[in-house]
Amino acid sequence: QIRQPVDLRSDTVTKPTDAMREAMASAEVGDDVYGEDPTVNRLEARAAEVFGREAALFVPTGSMGNQIAIRLHTQHGQEVICEARSHVLDWEMAMMAAFSGCQARAVAAERGILTWEHIKPAIGAKIYYRAQTGLICLENSHNMAGGTVTPVEVMREIWDGAKDARLPVHLDGARVFNAATALGVSVAELTEGFDTVMFCLSKGLGAPVGSMLVGSGEAIEQARMHRKALGGGMRQAGVLAAAGLIALEEMPAVLTADHANARMLAGTVARFKSAEIDLGAVQTNIVIFTLVGNGDAAAFVGRLKARGVLASATGPHAVRFVTHHDVTLRDCERAAGVVAEELEGLG
Ligand SMILES: Cc1ncc(COP(=O)(O)O)c(CN[C@H](C(=O)O)[C@H](C)O)c1O
């Protein structure tokens, strides 16, 4: 029997569990544009409760959730402060410009961790001939910085500063459950100061499709209208929300194992001088390392693929592994053996 490759390209590859498939098959449904899908309504109510918010909106993707948030917080011609490698800047088709008419004010930060010291100078001066800041957008955990985690106290300073500056703050919390698990806090505590939070059900939490936006009742009412504008008004989406409910209730518990698997892979990489890795940045389920001597990441990823290990090149010399529920410890140990031999081979 042909062995399945160990798929470490992303946690977006997770497939629904049997329990999710059963729940999907028997889901109670209705037309969600009319607000009549009981399973979507239950998921939205539950997500709002878990995050300690008034309301939540089920959206098809994390990208749509982020772009709806940017749209509802900003005016045409404003700036969005975000970290220089953030998803909303690099991977969402310039939609902050195309859909919201905003430009990014990108701020580079060590390990992707924006602090108030980084943000304050980036806020548009209150003079009529300077574009004004409309939104501060954080990402926790930070994907392309290596799944790094911003602690609560750092974000609290940003929430306080943003309040004084009368600026809204949005969290791209695609992997906020990973961050909360790493910090040992609840997602409600980790996100309490944000005006809106987007989180993904479809990544480490294992749902086949879907993300959520949580916030005030008013914000989510506006978000629902912007979702419709984007063509995201769904009909019997309870089939998907049924899986989302299981993802939300049962899957945060599996993230600890994903983090342990990531640490094991990172430890393997760290043994070789052909790779450079910031082990302190490996706090969740993402491992990013650089091939020294300008090693060709795409070629390296190609060699791993030929040996049954799938990874991503996140730059000319950078390789990313993302652990998740569909790769076991044994899978990761097998992958680590292949990675060790390939790194050894680079000398
Ligand atoms: C921080 C963050 N916010 C938003 C999203 C978008 O989620 P989807 O639009 O794919 O549901 C992602 C997806 N990340 C994907 C991946 O990591 O493989 C790719 C890069 O889009 C993300 O990492």
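Which hand does the crossing of helix 3 and helix 10 have, left or right? The crossing is right-handed. This is a predicted model.

**Helix 3 with helix 10**

- Helix 3 spans residues 62–73, and helix 10 spans residues 217–229.
- The two helices pack at an angle of about 115°.
- The axes of helix 3 and helix 10 are 9 Å apart.
- Helix 3 brings Met64, Ile68, Arg71 and Leu72 to the contact.
- Helix 10 meets them with Ala219, Gln222, Ala223, His226 and Arg227.
- The residues of this contact divide into 5 nonpolar, 2 polar and 2 charged.

**Helix 2 with helix 11**

- Helix 2 covers residues 38–50, and helix 11 covers residues 238–250.
- Their axes are 8 Å apart, and the packing angle is about 30°.
- Angles under 35 degrees count as roughly parallel, so helix 2 and helix 11 are roughly parallel to each other.
- The crossing of helix 2 and helix 11 is left-handed.
- On the helix 2 side, the contact is made by Thr39, Val40, Arg42, Leu43, Arg46, Ala47 and Val50.
- On the helix 11 side, it is made by Gly238, Ala241, Ala242, Gly244, Leu245, Leu248 and Glu249.
- This contact holds 8 nonpolar, 3 polar and 3 charged residues.

**Around the ligand**

- There are 15 residues around the ligand.
- Ser63, His87, Asn143, Asp172 and Arg175 come nearest.
- Ser63 has a polar side-chain atom 2.6 Å from an oxygen atom of the ligand.
- Lys203 also places a polar side-chain atom by a ligand oxygen, at 2.8 Å.
- Gly62 takes part through its backbone: one of its polar backbone atoms is 2.9 Å from an oxygen atom of the ligand.

**Backbone details**

- Where is the cis peptide bond that has omega of about -5°? This bond joins Asn140 and Ser141.
- Ser141 sits in the loop between strand 5 (133–139) and helix 7 (152–164).
- Met93 has a phi near 55°. That is a positive value in a residue other than glycine.
- Met93 is found in the loop between helix 4 (87–90) and helix 5 (95–98).

How values were computed:
Residues are numbered from 1 along each chain as its sequence is written. This is a predicted model: local features need pLDDT of at least 70, side-chain atom pairs count only at pLDDT 80 or more; totals for chains, interfaces and linings use all residues. Side-chain values use heavy atoms; hydrogens and water are left out. Axes are lines fitted to C-alpha atoms, for helices over the stretch in contact, and angles run from 0 to 180 degrees between N-to-C directions. Helices (H or I, at least four residues) and strands (E, at least two) are DSSP runs, numbered from the N terminus. Angles under 35 degrees count as roughly parallel, over 145 as roughly antiparallel, 65 to 115 as roughly perpendicular and the rest as oblique. A crossing is left-handed if the near helix is turned anticlockwise from the far one by less than a right angle, and right-handed if clockwise. Contact means heavy atoms within 4.5 Å. Ala, Val, Leu, Ile, Met, Phe, Trp, Tyr, Cys and Pro count as nonpolar, Asp, Glu, Lys and Arg as charged, and the others, Gly among them, as polar. A residue is near a molecule or strand if one of its heavy atoms lies within 4 Å of it. A polar contact is a pair of N or O atoms within 3.5 Å; within protein, one must be able to donate a hydrogen and the other to accept it, and residues adjacent in sequence count only if both atoms are side-chain atoms.
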